[in-house]
Amino acid sequence: RDIRNRFLASGGLTEQYDIECCAQTLLYQTYLRLGNEPLMMIESYIDQRTSVRNKIAKDTGISVDVIKQLLTAMNNNSRLQAHPRCSTFHLVDYSEALVVAYNNHPAVVYLKADMSRMWRAISDHMPDRELVTTQSGVERRVRINGKSKSAMYFSLEKLVMDIAYKYLEDNSKKYFKLHDAFITEPITQQQATDITNLIQQQTG
């Protein structure tokens, strides 16, 4: 990152703009746009994610960087388990005690509950979910997995960022794409506001 930023700055690209708390923000706003009730813990996390992460880290003895990774993984269907096949178990140095401390932390418990509720509401509006018939003859949609959740998130991210990129191109600004951000030559506060307003107008 440091090498990239120095190189881009030498060419006049000195400003970086990104979507704050990107995955949770885009998914939660999608959930609200579908007419659902607010979710207190997700809102608290989006608004105060640093203090939430710090509190979990302090209470569990897990580093803040690891807490950030675990919460991001949780958003994509991953659960921290004391099992060698769990892809995040190594982050807590294979400590069963830390797994228990993390999973039982009130903030994590409430976030899990809110995320589950959010995803159930969003998935009800995903048209390409496969239908199956249960043994009792009831037809239902297949539960979405982590791959489907990631695809949903990345499609939202691309939708938003393409609007920002087009604005920069239409205004003859040099820029460099990042997955949820861009680095650009200086733009005015009004131009940054214009990008935000365009995103809201075109995507809700």
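Visitor: Which helix is the place of S123?
Guide: This is a predicted model, and the helices are numbered from the N terminus. S123 belongs to helix α7.

Visitor: Is S123 buried or exposed?
Guide: The cut-off for burial is under 20% relative accessible area. S123 has 6% relative accessibility, so S123 counts as buried.

Visitor: What does the side chain of S123 reach?
Guide: A polar contact needs N or O atoms within 3.5 Å. The side chain of S123 meets that with a backbone atom at 3.0 Å.

Visitor: How far apart in space are S123 and Y31, C-alpha to C-alpha?
Guide: In sequence, 92 residues separate S123 and Y31. In space, the C-alpha to C-alpha value is 9.7 Å.

Visitor: Where do the buried residues of α3 lie around the axis?
Guide: Helix α3 spans residues 40–47, and its buried residues are M41, I42, Y45 and I46. They cover an arc of only 135° around the axis. That arc puts them on the same side of α3.

Visitor: What covers the buried residues of α3?
Guide: Contact here means heavy atoms within 4.5 Å. The cover of the buried residues of α3 includes α2 (22–33), α4 (49–60), α5 (64–75) and α7 (106–123).

Visitor: Where do the buried residues of α6 fall, seen down the axis?
Guide: Helix α6 runs over residues 96–103, with V99, Y102 and N103 buried. Seen down the axis, they fall within an arc of 90°. So the buried residues of α6 line one face of the helix.

Visitor: And what covers the buried residues of α6?
Guide: The buried residues in question are V99, Y102 and N103. Their cover includes α4, α5 and α7.

Visitor: What is T60 in contact with, leaving aside its neighbours within four places in sequence?
Guide: T60 sits in helix α4. At 9% relative accessibility, T60 counts as buried. With those sequence neighbours set aside, the contacts of T60 are I67, L98, A101, Y102 and H105.

Visitor: Now the sheet. What is the order of the open sheet of three strands?
Guide: β1 (15–18) and β4 (175–178) stand at the edges, each with a single partner strand. One side of each is therefore left without a neighbour in the sheet. The pairing is antiparallel, and the order is β1-β5-β4.

Visitor: What does the twist average from one strand to the next?
Guide: The strand order is β1-β5-β4. From one strand to the next, the twist averages 20°.

Visitor: Which residue in β5 does E15 stand opposite?
Guide: β1 and β5 (residues 181–184) run antiparallel and are joined by four bridges. β4 and β5 also pair in the antiparallel sense, over four bridges. Y175 stands opposite T184 in β5. The residue opposite E15 is T184.

Visitor: How many residues does the hairpin use to join β4 to β5?
Guide: β4 and β5 pair in the antiparallel sense. The hairpin between β4 and β5 runs through two residues.

Visitor: Which residues of β5 point one way, and which the other way?
Guide: In a regular strand the side chains alternate between the two faces of the sheet. In β5, all four of the residues named here are buried. A181 and I183 point one way, and the other way point F182 and T184.

Visitor: How many disulfides does a search of the whole structure find?
Guide: A disulfide needs cysteine sulfur atoms within 2.5 Å. For C21, the nearest cysteine sulfur is that of C22, 8.6 Å away. C21 is buried at a relative accessible area of 10%, and C86 is buried at 11%. Over the whole structure, the count of disulfides is zero.

Visitor: What share of the contacts with a separation of 6 or more comes from residues 24 or more positions apart?
Guide: The chain has nine helices and five strands. Of its 204 residues, 41% are buried. Among contacts with a separation of 6 or more, the share from residues 24 or more positions apart is 56%.

Notes. Residues are numbered from 1 along each chain as its sequence is written. This is a predicted model: local features need pLDDT of at least 70, side-chain atom pairs count only at pLDDT 80 or more; totals for chains, interfaces and linings use all residues. Side-chain values use heavy atoms; hydrogens and water are left out. Buried means under 20% relative accessible area, exposed over 50%, partly exposed in between (1.4 Å probe, protein chains only). The arc is that of the directions from the helix axis to the C-beta atoms. A polar contact is a pair of N or O atoms within 3.5 Å; within protein, one must be able to donate a hydrogen and the other to accept it, and residues adjacent in sequence count only if both atoms are side-chain atoms. Two strands pair if DSSP finds at least two bridges between them. Axes are lines fitted to C-alpha atoms, for helices over the stretch in contact, and angles run from 0 to 180 degrees between N-to-C directions.
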